[in-house]
Amino acid sequence: MSDLPQQLPAISFEFFPPKTEEMERNLWQAISRLAPLHPSFVSVTYGAGGSTRERTHATIARILKETDLTPAAHLTCVDAPCADVDDVVTRYHDIGVRHIVALRGDPTTGLGGTYTPHPQGYRSSADLVASIKRRYPDIDVTVSAYPEKHPESTGFDADLDILKAKVDAGATRAITQFFFDNDLYFRYLDRVRARGINIPIVPGILPVQNFKQAAGFAARAGASVPDWLAKQFEGLDDDPDTRKLVAATVAAGQVHKLAKHGVSNFHFYTMNRADLAFAISHLLGFRPIAKQKAA
């Protein structure tokens, strides 16, 4: 790994709000393990139609209260009037949140369904971004980007038009849907820059905890799974230890190659587990730094 850049990249981690006490314990074990790596921020997702609204808020509030991490709250437009979404933004601002990941959100019928805006709701993520920035200019807004284009998009040009609208509305960063072929990311970045979009396009990295699950995510999200990746996990369904080693090797190789080509920001989809994200961050040069207690 000696050919990595001397300066450490920026890393961030994504979590989802827990549904049970056991999931809550697992989440906080992951946060406790990753926090000493001092990520730029950690994001917490928001379920379809706001189904995890209170759990997302509670998780964000606890991160603010109990850690030194900078939390980014996911927010969607789905199945809610503007007033309700605005209220969520206000509640976040009131507790000290200054970073929101603004998304249109998936149709309530799931990916592949038809998105229909709420009659009194925001019609697009660009509208949501514009509203957040108008009401709270001090909130940093991140949006999504799609190296293989959004599953509902008619083509790359239309997809880039949507990203440009989000940037024009005030977005300062985009995080990509996960991908496994780095060429997809670099071709996408070329298209984005040619369109005059100059914000950071942060690659979203999915360490493969479970190949069948990851392949299912990819199918629903319109992301491709290369044959070579499937072959890496062949025969490992009942061998979790080897699977973890393979997963760490694959994801570390992907990140290492991106870093060698000048990528300086990475966002890890952790699935609320720290092991692979911690290992990959270690290979990037990160070392945990304990919080210094006041004298």
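**Entry 1, a helix pair.** I began with α9 and α10, whose crossing is right-handed; that term applies when the near helix is turned clockwise from the far one by less than a right angle, anticlockwise being left-handed. This is a predicted model, where local features need pLDDT of at least 70, side-chain atom pairs count only at pLDDT 80 or more, and totals for chains, interfaces and linings use all residues. Residues are numbered from 1 along each chain as its sequence is written, and side-chain values use heavy atoms, with hydrogens and water left out.

I noted an angle of about 45° between α9 (residues 240-260) and α10 (residues 275-283), their axes lying 9 Å apart. Axes here are lines fitted to C-alpha atoms over the stretch in contact, and angles run from 0 to 180 degrees between N-to-C directions. The two helices are therefore oblique to each other, as angles under 35 degrees count as roughly parallel, over 145 as roughly antiparallel, 65 to 115 as roughly perpendicular and the rest as oblique. From α9, K244, A247, A248, A251, A252 and V255 meet D275, L276, I280 and L283 of α10 (contact: heavy atoms within 4.5 Å).

Which residues of α3 are buried? I found V85, D86, V88, V89, Y92 and H93 (buried: under 20% relative accessible area; exposed: over 50%; partly exposed in between; 1.4 Å probe, protein chains only). They share one side of α3, because they cover an arc of only 155° around the axis, taken from the directions from the helix axis to the C-beta atoms. Exposed A83 and D94 sit on the face turned away from that buried side. Just after α3, I saw G96 with a positive phi of about 110°.

Notes: Helix = DSSP H or I, 4+ residues; strand = E, 2+ residues; numbered from the N terminus.
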